[in-house]
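Reader: I've got a new model open on my screen. Can you walk me through it?

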Amino acid sequence: MHVSRRQSAIGHAILIGAACVALYPFLSVLLLALGEPGARTSGFSLPTSISFANFTEAWDRGLDAQPLLSSLLVATSVVIGTLVMAVLAGYAFAVFPFPLKGVFLVLLLAGLVMPYEATVIPLYYQLKDWGLVNTYAGLILPQIGLSLPFAIFWMRTFFVSTPAALREAASVDGASRLRTLRSVLLPMALPAIGTLATLLFLFAWNEFLLALVLVPDDASVQTAPLALSFFSGNRRNSDPGVTAAAAVLVALPVLIAYLALQRRMISGMLAGAVKE
Amino acid sequence: MSTLSTPRSGTAGADTGAGPGAGAAPARRVGASGRVRAWASRQYWPSFLYLLPAAVCYGLFVLRPLGQTAWISLFEWDGLTVGRWTGLDNYGELLGDSRILAALGHSLVFVVFYAVLPVAIGLALAGLMSRMRVRGLSFFRAVLFVPQILATVVVAVSWRWVYDIDGPLNAALRAVGLGSLTRAWLGDYATALPAVGLVGTWVMFGLCMVLFLAGVQKIPTELYESARLDGCGPVREFFTVTLPALRGEIAIALVLTVTYALRNFDLVWNTTAGGPGESTSVPSVFIYQGAFLTREVGAASALSVCLTVLVLAVTAVIMRLVRGKEG
């Protein structure tokens, strides 16, 4: 008993240490950003005064509302588009019999594991032909496509878990398949859809490679991570405090959402991982 | 669009039907016409209507580019003029290119940092905390997950500051009298690779801890009691009870971390961009540079085909190992 108490103390001490390590890099950037411009708060001392000058400087130099609004627009569109398609397809995969279902599922599975690098090159040339490079549509549509495998498997798992008796009862009552989906299953699915939407939003907000390739030249449609990447790329002639402030601006919306939705996000990511 | 997709699925169905037994014509024909009738009798087409939006989007923006990547990889192409057919030459050149092989070597190093280390750390903690109620688990879960939700660009910028010549790491070294060790960690040939690797360890270790802690709490305590009755020490107990019980979680963690390590564009690009020199180069950086900067599109496509095959193969092997043991 004594040994296990000591073991427990060690375990919890390790957890506390791990928590500090997990928080430290971003906290040190936050402190740096909140310091006076030019001050290099090296992270172990709290700044003596809090200043927002770095933030206004970053805002003036281009990390302003524009990239944040672009990210919001892109992520929201990706979530809505993916949800609509994935609910319909997941319902069909879970409930209807049709030929080639296995083939379709394998194709989706490939997309789930495949790295984005496998598609970006032709994607760029294809979208260039269609005049969609450097547009919102050119960034949103491929992201919907690439989010679909995860979302369809997610919704399929949910619909499979609904009781067949319920669906049969609905059809005995004369409800069409679409009606069954809309009036019986969708209300039940709201929590699963909510978690899925949160995850899709997070992934879309953080997406970098697609943005780099598909909206490389037009600052007015660039998303927040891409803007931050370009911004910090020029840091040779800028203050680390300003770069830090820019990073905080990009991370803040996600962190605030995380504070509110962390339970849902974590369980969703773990559940999503298990499904993979 | 609907007229486009439904018949396409239809022909695909007929193909698979006719493919294996093309010789046994009469019996097949009945089957095929029966299938056609089933299609015609509205049995299946409503299902395909539900699939249609997703199928169109997925086909256009995932499957078609995927096929095109493989096709382009057979050409020498600068992205502007007409490409020249070179067959498998691009692949041959990849294998003979010492820069590519070096990049693959870096990827292996990253697998150690991104996958092996976090999984080992997580397992060690899980072994220590088995049979124990973790106090404040939901708090630790929330905090340990923070590296997972931050955009990789934010992670990269944060760590560039930590490793900066004026950054916290060097300040800490100076504070404990190790000022001679200070350097620009990401700009030094000797330290850039492990420095980027440790960022990956940082991104992944919390996920592994959370996964394994959650798993270890589900192991029935009777298993530990009987192991103890059999005279198992803590080490034997870990290998006979904890490790086998966590097999599923370990597989998930390995798939997530290994594929992340092999893809690994965002972090490398935003910390070192493959430098200094090419000391942290990875295949995905060469893919991006080849396709969009130096315009060797065919070679870049060949490399991304190889990367994709590698990622799929590694995933399959990990899943097979786990499934095999379960069965």
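Author: Chain A has 11 helices and zero strands. Keep in mind that this is a predicted model.

Reader: In what order do the elements of chain A run from the N terminus on?

Author: They run α-α-α-α-α-α-α-α-α-α-α.

Reader: What box do the C-alpha atoms of chain A fill?

Author: Roughly 70 × 70 × 30 Å, taken along the principal axes.

Reader: And what share of chain A is buried?

Author: Buried residues are 47% of the 276 residues.

Reader: What about contacts in chain A with a separation of 6 or more? How many come from residues 24 or more positions apart?

Author: Those pairs account for 75% of them.

Reader: OK, domains. How is chain A divided?

Author: Into domain 1, residues 2-51, and domain 2, residues 65-275. The C-alpha centres of these two domains of chain A are 32 Å apart.

Reader: Switching to the chain A and chain B contact. How many residues does each chain give?

Author: Chain B gives 79 residues and chain A gives 78. On the chain B side, helix 3 (residues 45-72) supplies the largest share, 18 residues.

Reader: What classes of residue are on that chain B side?

Author: There are 55 nonpolar, 18 polar and six charged residues on the side of chain B that touches chain A.

Reader: Back to helix 3 of chain B. How does helix 6 of chain A cross it?

Author: The axis of helix 6 (residues 136-161) of chain A comes within 8 Å of the axis of helix 3 of chain B, and they cross at roughly 120°. That angle makes helix 6 of chain A oblique to helix 3 of chain B. The crossing of these two helices is left-handed.

Reader: Which residues make that contact?

Author: From helix 6 of chain A, they include A:Leu141, A:Pro142, A:Ile144 and A:Gly145. From helix 3 of chain B, they include B:Ala54, B:Cys57, B:Tyr58 and B:Phe61. By class, this contact of helix 6 of chain A with helix 3 of chain B has 12 nonpolar residues, one polar and no charged ones.

Reader: Now inside chain B. How do helix 5 and helix 13 of chain B cross?

Author: Helix 5 spans residues 98-128 of chain B and helix 13 spans residues 247-263. Their axes come within 8 Å and cross at roughly 155°. The two helices of chain B are therefore roughly antiparallel to each other. Helix 5 of chain B passes helix 13 of chain B in a right-handed crossing.

Reader: Which residues meet there?

Author: Among them are B:Ser107, B:Phe110 and B:Tyr114 in helix 5 of chain B, and B:Ile250, B:Leu254 and B:Thr257 in helix 13 of chain B. The classes in this contact of helix 5 with helix 13 of chain B are 13 nonpolar, three polar and no charged residues.

Reader: Last one. Is B:Val305 buried or exposed?

Author: B:Val305 is buried, because 23 other C-beta atoms lie within 10 Å. B:Val305 lies in helix 16 (residues 297-326) of chain B.

Reader: What is B:Val305 in contact with, leaving aside neighbours within four places in sequence?

Author: B:Thr69, B:Ala70 and B:Ser73. As for B:Tyr91, its C-alpha atom is 9.5 Å from that of B:Val305, with the two 214 residues apart along the chain.

Methods
Residues numbered from 1 in each chain as written. Chains lettered and ligands numbered in written order. Predicted model: local features only at pLDDT ≥ 70, side-chain atom pairs only at ≥ 80, totals over all residues. Contact = placed C-beta atoms within 7 Å. Helix = DSSP H or I, 4+ residues; strand = E, 2+ residues; numbered from the N terminus. Nonpolar A, V, L, I, M, F, W, Y, C, P; charged D, E, K, R; others polar. Domains from an automatic or database assignment. Buried ≥ 20, exposed ≤ 12 C-beta atoms within 10 Å, placed from the backbone. Axes fitted to C-alpha atoms, helices over the stretch in contact; angles between N-to-C directions. Parallel < 35°, antiparallel > 145°, perpendicular 65-115°, else oblique. Left-handed = near helix turned anticlockwise from the far one by under 90°.
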